Every structure is written in C-alpha cells, then in structure tokens.
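Welcome, and thank you for taking a look at this protein with me. Please open the sequence and the 3D view side by side, and we will walk through them together.

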Amino acid sequence: MLWGSNARAAHPIFFHHVLKAIRKGAKLAVVDPRQTASAQFADLWLGLNVGSDIALSHTVAREIIVSGLANQAFIENSTSGFEAYRDCVMEWTLDRGETVTGIPAASIRELAHTYARADRAILCWTLGITEHHNAVDNVVALINLALLTGHVGRYGSGLNPLRGQNNVQGGGDMGAIPNKLPGFQDIETDALARARFEAAWGVPIVPKAGWHLTQMFDAMEHGTLRALYVIGENPASSEADVTRAQHLLGSRDTLIVQDIFMTRTAELAHVVFPASVSAFETEGTVTNSERRVQRVRKALDPPGNARDDIWIITELAKRLGAAWPLATAEMAWDELRSLSPMHRGMSYARIEALGGLQWPCPDETHPGEKFLHARLWEKDPEKRGRLAPFSPVVDDPPVDKISDEFPLRLTTGRKLDSYNTGVQTRAFASPLREGEAIEISPAEARSLGVRDDERVRVISRRGQVVAKVRIDPGLRSGLVFMTFHFPEEVETNLLTIDATDPRSGTAEFKAAAVRIERLDAQAAVS
C-alpha cells in the first residue's frame, strides 16, 4: 500500500520493484488525493480529501475490527493499549468515513479487507503523510493499522517511510536529529551513551535536545539565533511561507552556507564554502530506506576551490581553536562504529565484501538485520521485550480552511524530472520537464473559463503568484497542484502555510487554501 506517495515520480527505483512485485501477483493500493502515475498502476486507488488521513485509517481500522479480521493473537501477545484504540475508532463507520474522506464506502471496505486478509503487506508513506500540522499523528495512525493486523516484524510485512531525498536515513543515523546522538541514542535520557561520547571527544555533552528547523526559524524571529551554518540545504526556497524565511535568513549577523551550488540561500550568505559532490567527489557511505549502508567511492576531484566536506569542517575547527587532525572518511566511520552499537559490526571491509550491510549490526560476525521488530512475535516475555503500544489519535483537518474567499485546496509535490527546489536538476534539459504551472481539473477549468498555458493569478492568505494553467484529468474539482521545482519562475512557497507539527516541526506544505483569478487578456498570454 502506498499512502500519500507518488512513488513513480519521487522514488522511481523503489517503484520499479513495486512493478516487479505486481507482475508476480502482488496487489497495489494507492491512497492519494491525486490520481497520480503511481495510482494508474494500482488495483485500488483511494482519492481522499487532503488532510483526512486519520479519518481514513480509523475507518479502515473499525471495519477490520467489526469484521473479525483483527489479528487478535498478535494483539494479545505483542501490544498494549488496544481497548482505548478500539474505543477511539468505533465511531468511524463506513458512512462517516466516506463523508469525511470523500472515498466511497465500498472502496474503504475493500481496502480494509484486502489489507487485513493479506498474508504479507507493506504500508509505505512519504511526504503526503508527514507534511501536515499533525504529521506524527498521521504516522501513528498507520502504525496502529499494522499492529491491528500483525503486519509488522515479519519478512515481507511492515512499515516503510520512503525517504524524500538520498541518504536522509543516513543523516538521521549520524545524529542529524535534535534529540539524538549518532545511532539514535537519546541525548537527554541515555547517560551511558553520553559518557562514551564525552570520553571520545573530550568535552561534556549537554543533556538537552536541540532545535528542529521550525524552532530555529522561531528563534531567529525572536532574536535568540543570530548565526547560522547551513550545509547542503536551501531553506530560502524550500521553507513554507518563504517570504518570512527569506527575511529571517537575510537578517542574520552571520550566515555561512556550504553547498555545491550557489543556491538562493547561498546568495544571502556572508560566507560560502564550495563543497564536494558526495556521489562521486568524495569517499564515504550512504544509507538507504531499508537501513542498508553502502560505500561511496571517489571518482573525480572537486573542481576549482571546492573541497571535501570533512576538510572544510576540520579547517573551520582549527580556526576556532580545536586541534583536529585531518581524518579520512574511513577514520570518521570507525569513530562512529566505536560509539554507535548498531553500527559496530560494519567495517569498510565488510560493507565492500557484502555489497552493504543493514543495521543493527552489533559485531563483525553479525550479518545485519533484514527486517526489524521480529522480537514482537516471541512468546517469551524476556525475548519479546517492550510491548508495541497502540496510540489513539484524533482526526484534525488542515489549518488553512477552505472558504468562499479561498475555495480551492492547493497541495504540493514533486515531478519525476526534477528534484526538490530544482537547484540540482534545472541546469540540464529533460524532455519531461514542462516548468511550473497550477494544475487544475477539467471541471475547474470550465468553471473558471481558462485553458492550458493561460497565465492566472493564484492567491492564498499569505501571498500570490502568477502561473500558467495545466489541466490534469487526474485531479478532482476543488483540488489544485503545484511543485517547488522552479522558484525562479514561480515562488510556490509564497502560498504555503507554516503551520507546523509540534513534535516533528514539519510544515503543512500539503494543504493550503487558495483562489485563482484570471488576468486581463494581455497579461494572460505574456
């Protein structure tokens, strides 16, 4: 099941494997407001209203429970909190689910029965689930479904958050998370882990979580964050409510950017460090969505004054008074292995010999774990460990409400030919690339009296842009779509809202309220 994911566009290699599974008889259900390219391959497409993911998951859960399809043995052996969860979902009848989600009751019922009866089932999601003001609750709702059916902890069954960018998993593994040290060791509660790092680094580790990106922007606004060091990120184009983001970035006392392109953020910087391309100008590792660590090998020297990231950071440390020796990528990796138990068995030699290893890999005799949470199926309480908790959550619609003034729901996403804010892809041509547009349904086009390629004004409560129209038969009336790929043409994030999830800090890119206005005849074609 792909939930909130146009995997064919955002994850083409993964989707290739999905198609292989389909050819072998697997069933594919796609939950997405748009009838995307992925949905065209699906046995079942459920075009839900944007932001109604919890309503749908609860309706599916109730149908599974009342139909006697819950995996009661797994629930009793391996989980906790089922009664409260059951009570939470019982009001979500098929009729109510249809009313809130816009999906026919028969389709919701088909999804529930197919998922619950499957011998093996994988539930995958991407930014369609997480780019909401209640992102964590959305994810928890999907985890509840896996626990309800026992589709977790077995080969071929489980939950898979597909990563939106290369090596996002590896970044998290290395500690690029505010409350975690490398290896997902909690900075506040894991005193033993802190002691290991303090001994290795010779400095105290303050047991306090840092800020996530949204909190950083709040701190900039309040004047408590005056200097910023940005590595491989372009928040001046990628943040919601980009007017606010650009103002805050441009008003820092010090802004340092380390990147391989002169991005919009780099243009605002006081200092720019030209870095190396991790794919082929440096040594290192990359970790994919299945936790597989693989080697990256240097093929070319960085051009001009560009330097390896390790060299840049080491030289900066020296200028700040720290006598760091220049480490190789393997030396840095071996330090990680000495401090992160889940990486300890992953030497460069083993990674190369085996074509990659999946964490956790605690020692050099361990083959790496093919899948997680197998312990939940153990009957022995000591081997099973902590029970997996059901977590009741509440349906909470998007913050930016539809109204008479703003009657259309704008959702945003990606296209196969381009990457994120377009910095890495717009320098080369693609026969698939059409540039930015406001994509609308045929019914919407008729209602507005507009045609393909006509330029219109798109207005939200935060800003406005001018974009050409592209009519998409995969969209329903009331739903419109844009990307972030071409900010030099259309600054889509002038429209989006920075309402954020309090736990993840993710903004609600997927749900803005807008209206479309026709331009005068001359402006519409210019």
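**A guided walk through the chain**

The domain assignment divides the protein chain into domain 1 (2–162), domain 2 (168–358) and domain 3 (408–525); such bounds come from an automatic or database domain assignment. Taken over C-alpha atoms, the centres of domain 1 and domain 2 are separated by 34 Å. Please keep in mind that this is a predicted model, in which local features need pLDDT of at least 70 and side-chain atom pairs count only at pLDDT 80 or more, while totals for chains, interfaces and linings use all residues. Residues are numbered from 1 along each chain as its sequence is written, and side-chain values use heavy atoms, with hydrogens and water left out.

Let us begin with helices. Two packed helices are described by the angle between their axes and the distance between the axes. Helices here are DSSP runs (H or I, at least four residues), as are strands (E, at least two), and both are numbered from the N terminus. The axes are lines fitted to C-alpha atoms, for helices over the stretch in contact, and angles run from 0 to 180 degrees between N-to-C directions.

Look for helix α3 (residues 53–66) and helix α9 (residues 135–149), which pack at an angle of about 15 degrees with their axes 9 Å apart. That angle makes α3 roughly parallel to α9 (angles under 35 degrees count as roughly parallel, over 145 as roughly antiparallel, 65 to 115 as roughly perpendicular and the rest as oblique). The crossing of α3 and α9 is left-handed; this word applies if the near helix is turned anticlockwise from the far one by less than a right angle, and right-handed applies if clockwise. On the α3 side, the contact (heavy atoms within 4.5 Å) is made by Asp53, Ile54, Ser57, Val60, Ala61, Ile64 and Ile65. On the α9 side, Asp137, Asn138, Ala141, Leu142, Leu145, Leu148 and Thr149 take part. By class, the contact of α3 with α9 has nine nonpolar, three polar and two charged residues (Ala, Val, Leu, Ile, Met, Phe, Trp, Tyr, Cys and Pro count as nonpolar, Asp, Glu, Lys and Arg as charged, and the others, Gly among them, as polar).

Next come helix α6 (residues 94–101) and helix α7 (residues 105–117), whose axes come within 8 Å and cross at roughly 110 degrees. That makes α6 roughly perpendicular to α7. In passing α7, α6 makes a right-handed crossing. Leu94, Gly97, Glu98 and Thr101 of α6 make the contact with Ala105, Ile108 and Arg109 of α7. This contact of α6 with α7 has three nonpolar, two polar and two charged residues.

One more helix pair is worth a visit. The axes of helix α12 (residues 213–221) and helix α14 (residues 242–250) come within 10 Å and cross at roughly 60 degrees, and the crossing is left-handed. Here Phe217, Asp218, Met220 and Glu221 in α12 meet Arg244, Ala245, Leu248 and Leu249 in α14. The residues of this contact of α12 with α14 divide into five nonpolar, no polar and three charged.

Now turn to the strands, where two strands pair if DSSP finds at least two bridges between them. Three strands form an open sheet in the order β9-β10-β11, with parallel pairing. Because β9 (227–231) and β11 (271–274) stand at the edges, each with a single partner strand, one side of each is left without a neighbour in the sheet. Neighbouring strands of this sheet are turned by 10 degrees against each other on average, direction ignored. Strand β10 (residues 254–259) is joined to β11 by four bridges, and Asp259 stands opposite Pro274 in β11.

Another open sheet has three strands in the order β12-β13-β14, and its pairing is antiparallel. Its edge strands, β12 and β14, each pair on one side only. Strand β12 (residues 284–287) pairs with strand β13 (residues 292–296) over four bridges, and Thr287 stands opposite Val293 in β13. The hairpin of β12 and β13 has four residues between the strands, and Arg291 takes a positive phi near 70 degrees there. Two bridges join β13 to strand β14 (residues 357–358), where Leu357 is the bridge partner of Val293.

Finally, two spots in loops deserve a glance. Asn167 has a positive phi of about 65 degrees although it is not a glycine, and its place is in the loop between β6 (158–161) and α10 (168–173). The peptide bond from Trp359 to Pro360 is cis, with omega near 0 degrees, and Pro360 lies in the loop between β14 and α19 (381–384).
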